[in-house]
Amino acid sequence: MRYLPLNDAERRQMIKTVGADVIDDLFADVPDDALNPSFDLPDHQGELGVERAFAAMAGKNRAAGAGPFFVGCGAYKHHIPATADHIIQRSEFLTAYTPYQPEIAQGTLQYLFEFQTQVAALTGMDVANASMYDGSTGCAEAALMACRVTKRNRVVVSGGLHPHYAAVTRTQLELLHSDAVVQAPVDINGSEDLASMIDDDTACVIVQTPDVFGNVRDLTPIAEAAHAKGALLVAVVTEVVSLGALKSPGEMGADIVVGEGQSIGNALNFGGPYVGLFATRQKYVRQMPGRLCGETTDAEGKRGFVLTLSTREQHIRRDKATSNICTNSGLCTLAFTVHMTLLGEAGLRRLAMLNHEAACKTADALSAIDGVEVVNNAYFNEFTVRLPKKAEDVVEALAAKGVLAGVPGGRLWPHDSETDNLLIVAATECVTDDDIEKLVSGLREAI
């Protein structure tokens with residue numbers, strides 16, 4: 001009773017008040033396999049036993065730096081300078097993760113302000129917020145924002161959008177409207193006709209560049225088609241380093257830009273935490289989710305920073321909030337800002353070129369293998385190859401030899417046989433000639 005103070009009568013009254021018959025009614029929307037999952041774990045063990053069991057499980061993982069690594073698809077292995085890790089652990093910066101009492105946290109507000117400036121410059125947009133949880137939830141928030149701006153509920157999603165981003169967006173919007181999300185077929189070579197899918201009810205079109213297959217997309221024609229129908233263009237960037245080499249989404253007509261910032265300052269971390277980037281045009285700023293930090297002067301005329309805009313449910317009425325899930329990923333945002341500051345514009349452009357060179361070298365080596373075809377016409381640091389056999393089997397064979405060869409299409413599209421033989425390969429500045437040689441020799445043997 002110390003931790004569960006309600007009695008049965010009180011629980012029944014609470015259930016009645018919210019209009020349910022039994023407590024199980026509250027979980028009606030949750031799938032049965034999620035409500036009652038089965039785990040291959042013992043019911044209970046002592047602390048020592050649990051530590052040993054978990055250590056054994058962790059030992060099955062293979063760290064990204066343990067050998068040749070060509071995995072991407074939204075999470076990339078880049079070199080992070082030791083300086084970045086040192087700076088983010090200094091006491092001046094290692095503060096609470098989020099500014100609930102913002103004006104007393106001037107250091108936090110200042111780096112968030114600088115982060116926003118960096119993201120706006122990278123994306124070619126007017127304004128950026130103080131970050132999101134990650135790229136996928138940011139994508140869903142962009143779709144919801146477009147619906148608010150246009151007062152429409154139909155969202156067209158490119159077939160080249162990462163399927164996880166598409167799934168998160170669909171989940172977020174399905175309660176808004178049952179058929180809100182219209183998904184284009186899987187688009188392997190970036191040649192889809194999205195313009196034909198845009199109608200007068202469309203709120204936005206969501207397109208990724210480089211897309212999930214690595215294709216670099218020209219968003220200008222799609223932006224023009226969307227704007228002609230009164231819709232917005234949402235551009236998604238999962239590899240932020242690409243913005244050091246490619247034309248920014250803002251220059252190509254995007255109205256909202258969503259990105260995954262993990263590549264700058266943040267390690268893979270077995271899938272998170274990451275940092276979502278979100279930027280838009282000035283005229284839409286009041287519909288933008290999340291926080292916006294601004295610069296001002298205090299009563300003595302000194303420069304200071306304030307939380308200028310914060311339209312989330314913890315700050316205003318829930319029904320007026322632009323988002324009920326978002327926050328800023330404070331420490332990851334700081335790591336991004338520090339690393340980007342260390343790079344500068346010239347450093348980012350150099351890093352982008354190193355990535356592209358590594359990808360070109362890897363693609364050339366793979367295309368020389370009989371039966372292997374590179375399907376992309378243009379790519380940055382990630383591309384897709386078609387193999388003569390199922391890619392998942394090839395990946396497993398190479399993993400047994402210590403080479404993580406990439407992401408098989410069947411893992412992302414398990415019910416689409418056309419992607420079974422596709423392997424998505426990422427090559428960053430961390431890839432060496434020896435890594436490429438091991439990938440090539442292992443692939444030759446596996447196929």
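This talk goes through the cores, a sheet, the pocket and the cavities of one predicted model.

Some ground rules to begin. In this predicted model, local features need pLDDT of at least 70 and side-chain atom pairs count only at pLDDT 80 or more, while totals for chains, interfaces and linings use all residues. Residues are numbered from 1 along each chain as its sequence is written, and side-chain values use heavy atoms, with hydrogens and water left out.

I start with the cores. A nonpolar core here is a set of buried Ala, Val, Leu, Ile, Met, Phe, Trp, Tyr and Cys residues joined through side-chain atoms within 4.5 Å. Buried means under 20% relative accessible area, exposed over 50%, and partly exposed in between, with a 1.4 Å probe and protein chains only. The largest such core has 39 residues, and Leu194, Val205, Leu233 and Phe336 have the most contacts inside it. Several elements each supply at least two residues, including helix 5 (106-123), strand 4 (202-208) and helix 9 (330-367). Helices (H or I, at least four residues) and strands (E, at least two) are DSSP runs, numbered from the N terminus. Helix 9 gives the largest share of this core, six residues. A second, separate core has 31 residues, among them Leu161, Cys204, Ile206 and Phe278.

Phe336 touches, beyond its neighbours within four places in sequence, Phe115, Gln118, Val119, Leu122, Val240, Gly261, Ile264, Gly265, Asn266 and Leu277. Contact means heavy atoms within 4.5 Å.

Next, Phe380. Where is Phe380 placed? It is in the loop between strand 10 (373-374) and strand 11 (382-386). Phe380 is buried, with a relative accessible area of 2%. The C-alpha atoms of Phe380 and Val403 are separated by 22 Å, with the two residues 23 apart along the chain.

Four strands form an open sheet in the order 10-11-13-12, with antiparallel pairing. Strand 10 and strand 12 stand at the edges with a single partner strand each, so one side of each has no neighbour in the sheet. Two strands pair if DSSP finds at least two bridges between them. Strand 12 and strand 13 (residues 422-426) pair in the antiparallel sense over two bridges, and Val407 stands opposite Ile424 in strand 13.

On a 1 Å grid over the protein atoms alone, a cavity is a set of points where a 1.4 Å probe fits but cannot get out; a pocket is an open set with protein on both sides within 12 Å along at least five of seven lines; lining residues have an atom within 4 Å of a point. Grid points are joined across faces, edges and corners, and a volume is the space filled by probe spheres set on the points.

The largest pocket holds about 1100 Å³. Its lining has 33 residues, with Val71, Gly72, Ala75, Val407 and Arg411 nearest the centre. Helix 10 supplies the largest share of that lining, four residues.

How many cavities of 30 Å³ or more are there? The count is two. The largest cavity, about 40 Å³ in volume, is lined by Tyr76, Pro210, Asp211, Thr238, Glu239, Asn381 and Glu382. The second largest cavity has a volume of about 30 Å³, and its lining is Phe69, Val71, Lys77, Ala426, Thr428 and Val431.
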